[in-house]
Amino acid sequence: MTADLATISEAFCSIQNSHILVVGDVMLDRFIDGHVSRISPEAPVPILEKSAVKQMPGGSANVACNLAFLGVRTTLIGVIGDDDAGQILIAELGKNPSITFTPHIVAGRPTTLKTRYRAAGQQILRVDDEDTSPLTPDMADAILSQIEACLKSMPAVDAVVISDYAKGCLTPAVIQKIVALCKQADIKTIADPKLADFSAYNGVDILTPNLSELRAASYETLNAIDDITKVAHDLIVKHNLGAILATLSARGIVLTVAGGTTIHGAATARDVFDVSGAGDTVVATVAACVAQNIAHALAVDIANLAAGVAVAKSGTAIVSPGEILAQLPTKKIATDWPYWADQCQKWRENGAKVGFTNGCFDLLHPGHIYLLQQAAAHCDRLIVGLNSDLSVKRLKGNGRPLQSSDSRANILASLPFIDGVAVFEDDTPYNLVSTLQPDVIIKGGDYKASDVVGADIVIARGGEVVIIPTLGTHSSSTIIER
């Protein structure tokens, strides 16, 4: 790991401006949880006493969700059936306004559904309901027409993810046509392969196989990093690829770039709970970095951190910027009121307009970043009031915050448009506003200016109150529940 907190924070801020198209095999992941206390008298199999059912987007739809939770505007193209699973998938994706999903519905073809049965959090059985036969030529042409229209639309597409799960949506011919369309438009492609014959992905800018897929493509038993990079380089030359990013589970990620450059990012040490969808998290993170031309070494660092968070979660995981940033070393920063009151006074004396906003900022997400960016645009210096741990617990309940005030303060302070963070113990920041005396107070949501805590203080000294509309339905609670 070479990147620091400030560098990765700046990368996440740039990612917010991206638009990525995801094309591939969408599916619905269903998790049926329960407990096992006895064996069936009918056969030597455990009896699962069901306690909960959870459903979430999977496959390329999970890639789209990961992108959206990083703050990327995402367009998703895929195929579903005219069935209940398809409608559930549409509804689940519709919960995130950053995702535009316009599915092709094929009558009689089931939406790919993976049902996992779990006892005490561990999978005991998976049942797949799917049709993996290739799409008809007419349907493939319809999808390609939609892709071509998206590449010519606004906002402009910054990168395309080809998410291949071998469920019939992406034939080699379709993949090659997608790559050709992207090259014509000078748009980068990232492909997550399932086919053992990598010739299907000729011309892709970054191919993201796992180690098993790399072994299948090379017909070699690979283990040593040097052998992996040698084979990756050979495949890059053979198939005219820009790079191969190989995910190696506990050993991290190896990126081999055309020309011979190799970057090995060691995995972050985390307890592995569930690897479902962790590869999707890596693909999404790398794609988000590619879309903003972020350096390869930094992209590998961010993807490694994201994967470490994903495998520690249950189910098809998504990862937020705040969870990734929390894995990085922090330092002690000033969060006391007298210090920032003195700073505010100095800034005002130098003619600067001081702004103030506040919140819990537990698990920093795109909605938070948007609010803070907008707040900073209304002032010369921005101070953030941060609820203490006890204050968050009183407001949000037991189990919150998930991150300490020290961690949350460090993450906020690392954002390039924030000048200071002050922690307050009360349920509201009224006394803090009174101490800092900002020139403008900024709040997100549907508040009226008169309802904003501390508005009277700011207005009394000739200042203003600014309300920033909320960005969609992003929330820390949604990340926790997902």
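Mentor: In this predicted model, helices α4 and α5 cross in a right-handed way. Ask me about the labels.

Trainee: What makes α4 roughly parallel to α5?

Mentor: Helix α4 (residues 137-151) and helix α5 (residues 172-184) pack at an angle of about 15°. Angles under 35 degrees count as roughly parallel. Therefore α4 is called roughly parallel to α5.

Trainee: How far apart are the axes of α4 and α5?

Mentor: The two axes are 11 Å apart.

Trainee: Which residues make the contact?

Mentor: Helix α4 supplies Ala-140, Asp-141, Leu-144, Ile-147, Glu-148 and Leu-151. Helix α5 supplies Val-174, Lys-177, Ile-178, Leu-181 and Cys-182.

Trainee: Why is Ser-163 called buried?

Mentor: Its relative accessibility is 0%. Buried means under 20%. So Ser-163 counts as buried.

Trainee: Where is Ser-163 found, and what is Ser-163 in contact with?

Mentor: Ser-163 belongs to strand β10 (residues 159-163). Leaving aside neighbours within four places in sequence, the contacts of Ser-163 include Val-22, Val-23, Gly-24 and Asp-25. Gly-59, Ser-60, Val-63, Leu-170 and Asp-192 are also in contact with Ser-163.

Trainee: Why is Asn-240 called exposed?

Mentor: Asn-240 has a relative accessible area of 56%. Exposed means over 50%. Asn-240 is therefore exposed. Its place is the loop between α7 (225-239) and β13 (243-247).

Trainee: And what makes Asn-293 count as exposed?

Mentor: Asn-293 has 67% relative accessibility. The cut-off is over 50%, so Asn-293 counts as exposed. Asn-293 sits in the loop between α8 (278-291) and α9 (296-310).

Trainee: What is the phi of Asn-240, and what is the phi of Asn-293?

Mentor: Phi of Asn-240 is near 55°. Phi of Asn-293 is about 55°. Both values are positive, and neither residue is a glycine. Most residues other than glycine have a negative phi.

Trainee: How do you know that the bond from Met-154 to Pro-155 is cis?

Mentor: Omega of that peptide bond is near 0°. Pro-155 lies in the loop between α4 and β10.

Trainee: What about the bond from Arg-400 to Pro-401: cis or trans?

Mentor: That bond is cis, again with omega near 0°. Pro-401 is in the loop between α13 (389-396) and α14 (405-414). Most peptide bonds are trans.

Methods: Residues numbered from 1 in each chain as written. Predicted model: local features only at pLDDT ≥ 70, side-chain atom pairs only at ≥ 80, totals over all residues. Heavy atoms only, no water. Axes fitted to C-alpha atoms, helices over the stretch in contact; angles between N-to-C directions. Helix = DSSP H or I, 4+ residues; strand = E, 2+ residues; numbered from the N terminus. Parallel < 35°, antiparallel > 145°, perpendicular 65-115°, else oblique. Left-handed = near helix turned anticlockwise from the far one by under 90°. Contact = heavy atoms within 4.5 Å. Buried < 20%, exposed > 50% of the residue type's maximum accessible area, 1.4 Å probe, protein only.
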